[in-house]
Amino acid sequence: MSELAYLLKRKQSIAAWSDRWQAEAARFADSHRDLLPKRITNAQLYGLGNVVHSAGRYADIERFIHHQAEKAERAGRLDVQGYWNDLKDALGKLRNEAQALLKTLPLPAGTDNWEALDALHRELAELYVQHLIAHSLYWTPVQEESGRRER
Amino acid sequence: MSEQAVQEVALRVALERALARKSDEYDQSARRYADQLVGTKLDKTQIRGLETLASTTDKVSDITDWLKLRVGRDSKREGWAKEGIGRDLVNELEGLRNDAKKIVQGMGQGDPDLERQVHLRLCREFLKHLAAHFEYLKAERER
């Protein structure tokens, strides 16, 4: 497969995956609805979005989430710690999805398999988090009385 | 031209016709949304922003995520959250999947991603009508 054909097929496969997984990310948000927006704030969700967007490796995302879980544990907020641990598991499982997608995309010669897998895993995590943030805010609108404007 | 190529062109033409027919059907419904939206504080930049996003993205979920975020951020309920307009629009766009399914079933096509791509095209058509009606109605009001 030529590099251009690979890139086009990759783009289409990721788009289809994202549309398919939007409902799954929404289910995650719904199952943690009781923590929103007080225990897990919109600012924290946006922070997660920024980290996921700018991460160079999937491990950067995992490190951020692990750190959030540790902070919550130290503060005795076990429900919040549970949220971050659940999210770490949910995003971690996307590695299998990335592997399955890669199998349908024969890599161009000279491509590093591990790099390709990690990049795809990171991309899927970013899309999952995009859906998660949108759905979390959708059902728990910013409180007017808080006087804060989210970005 | 080979037999297969002729069949592909015929399918493509049939698909475009089905999309055009649906698009015409959406005009009235899109107008009703535009009528409601001109009663909000939204301006044409925001409606155009949605239309532009729809015409450039390759994912339906990007469109609904965009709307969900704006509904969630509208704490004063003067824009996308006013009287549930944003939520209704999210449901409307998601519901277009049923039309996409019917169109693709009628084609007898084997492409597993075709239904999603048709759904995206239908969302674009719907939002194109909505944006046009919105601008027209907004201009009428400001006259």
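Biologist: Leaving aside its neighbours within four places in sequence, which residues is Leu87(A) in contact with?

Modeller: This is a predicted model, in which local features need pLDDT of at least 70, side-chain atom pairs count only at pLDDT 80 or more, and totals for chains, interfaces and linings use all residues; side-chain values use heavy atoms, with hydrogens and water left out. Residues are numbered from 1 along each chain as its sequence is written, while chains are lettered from A and ligands numbered from 1 in the order in which they are written.

With neighbours within four places in sequence set aside, Leu87(A) is in contact (heavy atoms within 4.5 Å) with Phe28(A), Leu48(A), Ile65(A), Tyr128(A) and Leu132(A). Leu87(A) also belongs to the largest nonpolar core, which has 45 residues; such a core is a set of buried Ala, Val, Leu, Ile, Met, Phe, Trp, Tyr and Cys residues joined through side-chain atoms within 4.5 Å. Here buried means under 20% relative accessible area, exposed over 50%, and partly exposed in between, with a 1.4 Å probe and protein chains only. The members that touch the most others are Leu48(A), Tyr83(A), Trp84(A), Leu87(A), Leu91(A) and Tyr128(A). At least two residues of this core come from each of α1, α2, α3 (58-74), α4, α5 (94-103) and α6 (113-139) of chain A, these helices being DSSP runs of H or I of at least four residues, and strands runs of E of at least two, numbered from the N terminus. The largest share, twelve residues, is supplied by α6(A). A second, separate core has 41 residues, among them Tyr33(B), Val38(B), Leu93(B) and Ala100(B).

Chain B, which holds those four residues, has five helices and zero strands, in the order α-α-α-α-α along the sequence. Of its 143 residues, 47% count as buried. Among contacts in chain B between residues at least 6 apart in sequence, 73% join residues at least 24 apart. The C-alpha trace of chain B spans about 60 × 30 × 20 Å along its principal axes.

Lys11(A) is partly exposed at 49% relative accessibility.

Within chain A, Arg33(A) and Asp30(A) form a salt bridge at 2.6 Å, N to O; both are partly exposed, Arg33(A) at 21% and Asp30(A) at 40%. Arg39(A) forms a salt bridge with Asp79(A), the closest N and O atoms being 2.9 Å apart. That pair links distant parts of the chain, 40 residues apart: Arg39(A) is in the loop between α1 and α2 (42-54) of chain A, and Asp79(A) is in helix α4 (residues 78-92) of chain A. Arg39(A) is partly exposed at 29%, as is Asp79(A) at 34%. Salt bridges that share partners also join Lys11(A), Asp58(B), Lys59(B) and Asp62(B) into one network.

Methods. Salt bridge = Lys/Arg side-chain N within 4 Å of Asp/Glu carboxyl O.
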